[in-house]
Amino acid sequence: MILACQNITKSFGETPVLKNVNFHIEKNDKCGLIGINGAGKTTLLRIILGEEDADSGNVVVARDVRLGYLSQTQDTELDNTIYGAMQEAKKYIIEMETRIRELEKEMEGKTEEELTPILEAYNRLSTQYDRENGYAYESEITGVIAGLGFTKEDYDRPIATLSGGQKMRVALGRLLLSHPDVIILDEPTNHLDMTSIQWLEGYLASYPGAVIVVSHDRYFIDKITNKIVEIDQGVSSVYNGSYSYYSQEKSKRRQAEMNAYLKQQAEIAHEEAVITKLKQFNREKSIKRAESREKKLDKIDRLDKPTEVQADMRLKLEPVCESGEDVLLVEDLAKSFGTNTLFEGIGLDIKRGEHVALIGGNGTGKTTMLKIIARKLAKDAGNVTFGAKVRIGYFDQEHHDLDTSKTIFDEMSDSFPDMNNTRIRNVLAAFLFTGEDVFKTIGDLSGGERGRLSLAKLMLSPANLLILDEPTNHLDIPSKEILEDALREYTGTVLYVSHDRYFINKTATRILELREKVLTNYIGNYDYYEEKKDDLFLVQHPDLVSSNPELSASFMSGAAAGSNSSSADVTSKDSNKSAARLEYEEQKASSAELRKREKALKRVESQIEKVEAEIEEIDAKLSDPANGTEVGLLMELSKAKEEAEAKLEELYTEWDSLQ
């Protein structure tokens, strides 16, 4: 155990936030900390870090364990470049390397007696440098920079010129490179695109330390965690498994808790009825018995009612009128900003009842495309045609549809004057606005609360085509599940942009990926897209792949990794080959590439064995007492070892890529 929370309790005024929270973290645990907005997750993290005091309880951290924290309000104002900021995280390695070079110079011209302490310091520092993987720190920096979505051209960009999201990515990179024993992340995926999130998943899953992460990204949590700690009504529950395991087990536990609660409530009601009856007898013995039963009842440890789940807050969505079969046709759509061409020649055709997710990397133009379709932004070229009786409902992230001077209740009642108060309250409750919350002023709401209110209005609108831009941003997990259920049952048409892969998997019937300025069509959910993304891109855009050497190499590599078929409900206008012929050629190319890769693997493995043998031979010479006074030889050997270590790192990287 390297970290433990023991009976952590915290209140703000009269409001209890955490009640005797208990859990512990082992050396390699990957822990997801989950709960609704306001459950106390961030407060708990601050208590763990010592930034806030608990009312009672203890946080125990093992000796010499370092904690690294990325908050949602991270200080990102650094007077440096992206690469320079990353280098700062490796400052201790760079200083170690500098000192090693200094010691090498100090060896020159020294007597045997003078040389002994210098050699001891040199060997000690070299061993530590090697243990800290110092020879590979530069490749580690470039790997993290690339993984977080920056390019080589970004290395020298001043941090002051970056957007808020980009600055947060730099802060995340610095934290990862500092290699703390426990990485603590508060919503780390908020500013990452899908590619970067997938990279971070792999990094954290294989991280040789512990991770505690707060996130509403269920797909992300499911990929990396082996433990879930849930904060529900201030109380902690530990689930030893992934998010999928938690989701199933939570349902079972909740049912058991609800059964126990209902049973106790029935027993209490029965006891109260007996007490009332005894008092009604109005006799000395009956009154004494009633008093005795009351004392016994007062001592009962009453169970809290389990939190209501989203299944109890269902929202039925139905378009006021049905559109025609053809809902949306886009032809040859193009948009540029200055010299930056986002896309051109884009076409798509959406039919009634389809739920289409538009995905792609940051900056590819997804939001721009939605705004053009929703008539919020002018196009450069092309046509956008809507079918008969199509009525659009648009959700953007700025929430321009809300009047910040109104209360939540007034906003709803003014927008839907024919709706009675009970119906308004039921709808708001479905989006987690209950009790006195409905009288909050919109200007005082958080981003997540405004998003939920905008969604509530949109879902009650007469639209039969919903165009949604990141509808799950800032929503907690229960809110996302409410929206998922609503969209799955919605009989109208939906076109949306989202980075939430779990949400996409639950709600999309078709996926359009915007990549390399073209759209690729996938008939299925996100899991289907993950399985077929490279195959179908190749089928639908063969000319684009063949004309781009980097893309071509990438797809050939993907084929060799195990994809040997491309069955799909799509056709390629640029290919006259039959499906069987195409599959045969893909299998043939895949087999050839696989043989080539296996041959390369054997070559690299042979080179690795050779370089490792060289390093062992150098180490033997460095350890030989007979060479202890040979300064020139020792320096040559050290330099040779450094070169061999660097070569070995390159070979390992190549081997990993080939694998």
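This is a predicted model: local features need pLDDT of at least 70, side-chain atom pairs count only at pLDDT 80 or more; totals for chains, interfaces and linings use all residues.
Residues are numbered from 1 along each chain as its sequence is written. Local features need pLDDT of at least 70 and side-chain atom pairs count only at pLDDT 80 or more, whereas totals for chains, interfaces and linings use all residues, and side-chain values use heavy atoms, with hydrogens and water left out.

Helix H2 covers residues 82–89, helices being DSSP runs of H or I with at least four residues, numbered from the N terminus. In H2, 6 of the 8 residues are buried, that is, under 20% relative accessible area with a 1.4 Å probe and protein chains only; these are Ile82, Tyr83, Gly84, Ala85, Met86 and Ala89. Their cover includes helix H3 (91–106), helix H5 (137–147) and H6.

The axes of H2 and helix H6 (residues 164–177) come within 8 Å and cross at roughly 30°, the axes being lines fitted to C-alpha atoms over the stretch in contact, with angles from 0 to 180 degrees between N-to-C directions. H2 is therefore roughly parallel to H6, a term for angles under 35 degrees. Through contacts (heavy atoms within 4.5 Å), Ile82, Ala85, Met86, Glu88 and Ala89 in H2 meet Arg169, Val170, Gly173, Arg174 and Leu177 in H6.

Conventions: Helices (H or I, at least four residues) and strands (E, at least two) are DSSP runs, numbered from the N terminus. Angles under 35 degrees count as roughly parallel, over 145 as roughly antiparallel, 65 to 115 as roughly perpendicular and the rest as oblique. Buried means under 20% relative accessible area, exposed over 50%, partly exposed in between (1.4 Å probe, protein chains only).
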